[in-house]
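Subject: Structure handover

Hello,

Here is the structure for you to take over. My notes on it follow below.

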Amino acid sequence: MSSTTKAADRKAATDVAAWMFNVVTSVGIIMVNKALMATYGFSFATTLTGLHFATTTMLTTFLRWLGYIQTSHLPFSELVRFVVFANFSIVGMNVSLMWNSVGFYQIAKLSMIPVSCFLEVVLDKVRYSRDTKLSILLVLFGVGVCTVTDVSVNAKGFIAAFVAVWSTAMQQYYVHYLQRKYNLGSFNLLGHTAPAQAASLLLLGPFVDYWLTSKRVDAYNYGFLSVFSSAMKLSELGEWESLDVESLRYTSQCDVANAFALGNDISSETVMKERVSVEVQDFDICYAFFMILSCSIAVGTNLSQFICIGRFTAVTFQVLGHMKTILVLVLGFIFFGKEGLNMQVILGMVIAVLGMIWYGNASSKPGGKERRSLSLPKSQKQSVPETTTSEDEKV
């Protein structure tokens, strides 16, 4: 086997590993965050994302201290531009989901692919073959069939979706652009951007979350001390005799009727005094586990996104990334019931997967997706053979 063939095989294996890393971490964090928000009521998505980037910052700082990440340079203006796009993407997506129907939200997500194509054509002079274009359309059609149902739109929802789509497309384009221009590895770029995103999101996140949910992050009860302090407040009112800590768990997590249904011994006097109890967030080891797990998986999600976009492009990341949408649907049907599963959804999944396979094959062929070379200055053309200036660089 020739060295060229071995190198191609290694690259293919690395590409597959990068995609699997991104798919597993992305689907995993969706499932973990769903449990964290639905079960424990931590609905502060922007602040949670700030915690994710804070965890990523700690890891990159530790790896730099160990010498695994080399010192690199990223101009401050480029960093600010990237952080603005990235943060507008995060907030825009949350606002778009809140102000739009699920159907229009999915359409907005699908529109990121043509927007990313537009950015590559205009900014990178990329051109696509006919098969590549058709495969992208097939993926869009398949994902649309299995995800888009009710579609309603309003003015503010459309504006939120517009901002979310363009900022996300610009953020993903910039990941590839910065790595290529400044010769940065995935960890190097993440080491520059994660601290800035963590600081900005943790500073602004609580205000954004309050705007979106009308709930304050600092009012959320994070642990057992909150249960204890609430019990002390009841004790000061003379209510402690009939309300123990276990009763407080029921008054916060479920109503007293559910407690009776479970067969627990809670007196009628306790039921009356539940009205004056302070709402307490039930704390157990599972809450801490899910929070730590969410932040840990987020490190892999952030890193895998940078790896995939760096190795490929934002368009490829978007097209093949819809495999995560299919997996989330499948896992949802497996773990949360088969409601909504029908032949239309199954057909859409099959069409989308076939489109992804077609895209991977079409874009990898010569001429499938190429970046046109920029013309050289006249002073350089004299020293460079004419044949080299007309060749296209494959993406």
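In helix α5, the buried residues include Met112, Ile113, Val115, Ser116, Cys117, Leu119 and Glu120; buried means under 20% relative accessible area, with exposed over 50% and partly exposed in between, using a 1.4 Å probe and protein chains only. An α-helix has 3.6 residues a turn, so residues three or four places apart point the same way. Helix α5 covers residues 112-123, and its 12 residues should span 16 Å at 1.5 Å a residue, which agrees with the 16 Å between its end C-alpha atoms. That expected span is 1.5 Å times one less than the number of residues. After α5 comes Lys125, with a positive phi near 60 degrees.

This is a predicted model, in which local features need pLDDT of at least 70 and side-chain atom pairs count only at pLDDT 80 or more, while totals for chains, interfaces and linings use all residues. Residues are numbered from 1 along each chain as its sequence is written, and side-chain values use heavy atoms, without hydrogens and water.

Overall, the chain has 17 helices and three strands. These are DSSP runs numbered from the N terminus, helices being H or I of at least four residues and strands E of at least two. The chain has 395 residues, and 45% of them count as buried.

Leu178, in helix α7 (residues 155-182), counts as buried because its relative accessibility is 0%. Beyond its neighbours within four places in sequence, Leu178 is in contact (heavy atoms within 4.5 Å) with Leu74, Glu78, Phe82, Asn183, Leu184 and Leu189. Leu178 and Phe82 are 96 residues apart in sequence, and their C-alpha atoms are 9.2 Å apart.

Phe82 also touches Gln197, as do Phe53, Val83, Ala86, Asn87 and Ile90, not counting residues up to four places away in sequence. Gln197 belongs to helix α8 (residues 186-213) and counts as buried because its relative accessibility is 2%.

Among contacts between residues at least 6 apart in sequence, 83% join residues at least 24 apart.

Regards
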